[in-house]
Amino acid sequence: MPRAQRAHAQCSISGVYPYVRVTEWGRRPWPGTMALFPAFAGVSAAPESSAGGSSRKDLDWLSNPSFCTGNVPTLQQNTVEITALASEKELLTRSPLKLELSEGSDTHKRIKQASRKKKKEKKKKKKHQHHKKTKKKYEQSSDSESYSATDSEKETSTGCIIYSKKEVEKPNSQENNATDNSGSHLVWLDDIQTLTTETFRTDKKPDPANWEYKSLYRGDIARYKRKGNSCLGINPKKQRISWEGTSTEKKQLHKKFERYFSKKSMRSVSSDGAPVCSKAEVFSSDLSPFIPVKDSDDEVPSSTSTWVNPLGVYDKSTTLWLQGQGPSDQETKQPTSQKDSEEVILKAKVEEFNRKVRENPRDIQLWLEFVSFQDEVMKRPSLYTISEGEQESRRKSLKLILEKKLSILERAIESNQNSVELKLARLKLCTEFWEPSTLIKEWQKLIFLHPNNTSLWQKYLLFCQSQFSTFTVSKIHNLYGKCLSTLAAVQDGSILSHPALPGTEEAMFALFLQQCHFLRQAGHTEKAISLFQAMIDFTFFKPDSVKDLPTRGQVEFFEPFWDSGEPRVGEKGARGWRAWMHQQERGGWVVIKPDEDEDEPEEDDQEIKNKTLPKWQIWLSVEHSREQRHWLPWRPDKTKKQTDEDCDDPERQVLFDDLGLSLIKLPSLDLKFQLIDSFLQFLGVPSSYNLPASCLYLAMDENGIFDDGISDEKPLTFFNPSFSGINCVGRMDKMNRQEHRMGHCKEGEEFIQNIFHLVLPLFSGKEKSHLCLSWLQYEIAKVTWCLQTKNKKRLKSQGKKCKKLAKNLLKEPDNRNNFCLWKAYAHLEWLLGNIEDARKVFDTAISMAGPEDLSSRLFDLSLLYAELEVELSGNLEGATTSRAIHILTKLTENGPYIPYTGQVLAMNILKARKAYEHMLQKHLNESSAPDPSSFNCSGHLVGMVGCFMLFQYLTIGVNAAMHIYKQVYERLKGSISSEFSRLSANIGAQNLTNALEAVTLMHANLLRYHMKVSVFPLNPLRETLSEALKLYPDNQVLWRSYIQIQNKSHNASKTRRFFDIIIRSSESLEPRLFAIQAEKMRKRLVEAVLREEAGEIHSTIPETGLSNRIKVLFENAVQSDNGSNCPLLWRMYLNFLVSLGNKERSKGVFYRALQHCPWAKVLYMDAMDYFPDQFQEILDLMTEKELRVRVPIEELELLLED
């Protein structure tokens, strides 16, 4: 329906006169006609329809009245009569802003033609736009209504006055008739001759569109643009106009809020906060009852605001600029925004670093700090990064950061030519964008310049060992030999240009152990065993005639002995290099025929027990079987007339060329004992010695560090041999450890026994006692394994064998008063269930001590005896009559020990408490002595404190035991901090540190036992372990206890925060490993709760939060320095992803693991178990990298055919 006739008028504050437009009902309104200059209307000619082509008067622009000075009403009164109405067609083609000229004029024709062309083009555009609008669906009418309403609100908010009049009253009736008879009449107010009081008409006819639509048609409203939000004529201080529905407010409402992960938010979080300072205000001494609020009227405007800034919209800097002035010096120095302040701070730091390195170019640590500072500089855009247009796209460009760091390091190396640390930092940076071959050449140049730097050798070996593209076992093995032989020459003084640095012997021994574990992990266990055999012969059985020769000369003399076929270390009849050389000088050995009745080791010829299994499973089974049985080097048996050609697997034979370069001299007695201890640990014998930190995490490949054994059942006395997550030789167990077993085959057990028999006569005193204890603990560990697996048949035989060994060791004269062996033997009897026999052994051992013989071993023996009695009772009822109090009380009495007969008197308990307090104060005073060497009885302190805490716990309660621990902890911690402040206090500080660690462990076990037998809060134990782990972040036993108690808590936030603190402050890998284990334990607990009712059915809503958290922990761990080359960490990561069922991502992690640990055979074995479809591909990869493959695929096919 057409809209109603409307009359519109426009009024503006800028002086444009209103016009009245009158249209006929049912027709669209068209623009009216208006003279360009209002006063020029008097010279307009008659229209064509009435004048019939009469010419108009020429225009005289200079005499135009509009240019005259005068008032607006005077000009408005000079208007002429209204011209006659034109036809309807002419109205459509008429321009309201055009001055019609004479038809006879050529200028008029050209102007008229041009205007018609423009109008036709405008009509075409309007039709085209109208055609597009008609394509929209009718369902969008509501949207158009709201849109028109919005536009109407926007337009009406501008202050425009719209009047709708039907007609204009005129005194002249003739003019009224002419108006009424016209079909369509457009009238300009400026053309009206006579002005009346009311110049507008009133339209009394209703418009139905006002009811149908919510607002006026937006095309009928005059358009304009408002400058600013103010209005002339109002007081800006007391009055203001609220413009509702403005475009600026609408844009703000639809503004997209920035989330916390957006670039802008991340930049604001990472940036430093702007400094905030309060203005200095003078407060009066009179306290007013209210806070005064300043009124705007009180403020006196400045003199400049009257003419420069009349509306008060300019800021201070703009006002000064309009006045032709600049800002003050104080304002110029201050940054105007947070971004400017950040740039000023960064610029100041960069200038400070440049000044420092210019003044101190020899300060290597300063150069390295400058390199690390580049990460902070490149975190956000600044004047040092890149151009303004590329800030967002290249802000975090890794290559740009590396290039800047590289240029700084090159400048540093120019000033410090001999700095190895700077060159290593440069090589580490170049790893990102250099080829491996180029990197290896640079490493070789650096090694050539610094052949005596053991730390540089260790990093070079690790780099070559972890390069998958260039890695082969033989190449790395030869590289280890070259490294050790070069360092041996440096140690001997053969390389005159490079003297030996301090600590070279210890570093060489660490590299030797690293080589042995590298060969074990690659599957070449025969070469690793041969290296240890040769090293022991070369160290302990060296002839006196060659001791003064350099290392290379001694190795040349050693080669004939190795190739002679004589029994070596661990083999039956081994006598050593010295005895063989002396006998050769006398004419050789007398061959003694062995007994024919000697039992030969039975070999299991049937390696494949089930041929129906898939090929990959059969291969894994046979490979594991041969790995367990064939880890010793193969030697021809001369009694059976065997030769080297009789060996089925040539890889089992080890030639002298495979180990000659790796032999080194160990003059230190401590290193000699560590060699034996490391070899026994390599074979699986429990030992208190840990590998050096440089090769510890490289050798970790077994997840036994998380196993608890029977620690939950017996927290006080559980037997925990520490293997530090390192597999023993012949073991490549799976991650689930289902097939884990203690001990070796019969041949391997004989080999270990022969080693003990050979090396025990070489030591005496403390070292010999330690070796005897290790041997007995190895046998007890097998008994403990039989108890856990409930293998009664083997338990009986192993128990008899173990007791026989203990008795034989105690029969030796040197071991009769060895309390460590007595304690181990009594514990063995207790584990086997012989309680009375164990008590007799304990009583006998304690009775052997004199009345004043209060050694640390006696304290340890009595403490174990009392703890076993406490665990046997199972509760604290009748504690005063228990055997444990009797044992701890008799320990402090001067008289001989009497076995338990009955109740302990209260007077004896008081005397024992006083004696314990006196001994505690004495030892604590010794620990805080000025001389660190005076405190050498740390073991005595540990045993005594353990007995005192248990005594207080049984007689008073757990709070008394906690008080003793806090007292010892504070004193020892203070002593440790004071010892480390001295330069020559390393030994004393280390003894105190070990003592505090042992005391903390005993206190934690005591609290765990108390929580088991009674109700006790978890917080004391948590705080104890937290404080201890901050001091000892690499203690696996403490971490194991911590994750056990934290698993009982429903709130994991404290645990996660604690792990995060330790990980950030420590470089050890144990916190990362146990953080992952803690989350895995929580995940298993959640899954068990979700599946409790449904059995094996998976929950409908899987718990993905913990899975993602564990993945992040794994990623952070494998990116750390110690974790990137740890096979155990990669095995755990791979096993976790496989358990989630993500096969493709698991394959990606497997190949990433090979990039960092290509030597770890156990990774390939795990991949064969997880990805059977890639069995042949993985096997070919192992062959290519020269890993030990004991079952070739051709041999397996032959075995399957048989």
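**View 1. Helix α20 passes helix α25 in a right-handed crossing.** The model shown here and in the other views is a predicted one. Helix α20 covers residues 504-521 and helix α25 covers residues 669-682. Their axes come within 12 Å of each other and cross at roughly 15°. That angle makes α20 roughly parallel to α25, because angles under 35 degrees count as roughly parallel.

**View 2. Helices α41 and α43 pack with a left-handed crossing.** Helix α41 is made up of residues 1070-1090, and helix α43 of residues 1127-1140. The two axes lie 12 Å apart, and the packing angle is about 20°. The helices are therefore roughly parallel to each other.

**View 3. A salt bridge joins K445 and E442 within helix α17.** The distance from N to O in this pair is 3.8 Å. Helix α17 runs over residues 436-449. K445 and E442 are 3 residues apart in this helix, so about one helical turn separates them. K445 has a relative accessibility of 52% and counts as exposed, because the exposed class begins over 50%. The count of salt bridges comes to 31. Side chains of opposite charge can pair when their charged atoms come close.

**View 4. The side chains of E526 and R1188 meet in a salt bridge.** Here the distance from N to O is 3.3 Å. E526 lies in helix α21, residues 525-540, while R1188 lies in the loop between α46 (1175-1184) and α47 (1193-1201), so the pair ties together parts that are 662 residues apart in sequence. Both E526 and R1188 are buried.

**View 5. E1197 and K615 form a salt bridge.** The closest N and O atoms of this pair are 3.7 Å apart. E1197 belongs to helix α47 and K615 to helix α24, which covers residues 615-629. The pair links distant parts of the chain, 582 residues apart. E1197 is partly exposed, at a relative accessible area of 38%. K615 also counts as partly exposed, with 36% relative accessibility. Salt bridges that share partners join another set of residues into one network: E526, E623, E627, D649, K1161, R1188 and R1190.

**View 6. A nonpolar patch lies on the surface.** Its members are L311, V313, Y314, W321 and L322. Together they have about 550 Å² of accessible area. V313 sits in the loop between α9 (263-270) and α10 (316-322). With a relative accessible area of 56%, V313 is exposed.

**View 7. N690 is located in the loop between α25 and α26.** Helix α26 covers residues 693-699, and α25 is one of the two helices that cross in the opening view. N690 counts as partly exposed, at 42% relative accessibility. N690 and S724 are 34 residues apart along the chain, and their C-alpha atoms are separated by 7.5 Å.

**View 8. I976 has its place in helix α36.** This helix runs over residues 958-980. I976 has a relative accessibility of 11% and counts as buried, because buried means under 20%. The C-alpha atoms of I976 and N991 are separated by 9.3 Å. Along the chain, these two residues are 15 residues apart.

**View 9. K790 has a positive phi value without being a glycine.** Its phi is near 60°. K790 is found in the loop between α28 (766-789) and α29 (792-811). At 69% relative accessibility, the residue counts as exposed.

**View 10. E1186 has a positive phi although it is not a glycine.** The phi value of E1186 is about 65°. E1186 is partly exposed, and its relative accessible area is 33%.

Key:
Residues numbered from 1 in each chain as written. Predicted model: local features only at pLDDT ≥ 70, side-chain atom pairs only at ≥ 80, totals over all residues. Heavy atoms only, no water. Patch = residues over 30% accessible without salt bridge, like charges linked within 9 Å, V, L, I, M, F, W, Y side chains within 5 Å. Areas by Shrake-Rupley, 256 points an atom, 1.4 Å probe, with all protein chains shown as cover. Salt bridge = Lys/Arg side-chain N within 4 Å of Asp/Glu carboxyl O. Helix = DSSP H or I, 4+ residues; strand = E, 2+ residues; numbered from the N terminus. Buried < 20%, exposed > 50% of the residue type's maximum accessible area, 1.4 Å probe, protein only. Axes fitted to C-alpha atoms, helices over the stretch in contact; angles between N-to-C directions. Parallel < 35°, antiparallel > 145°, perpendicular 65-115°, else oblique. Left-handed = near helix turned anticlockwise from the far one by under 90°.
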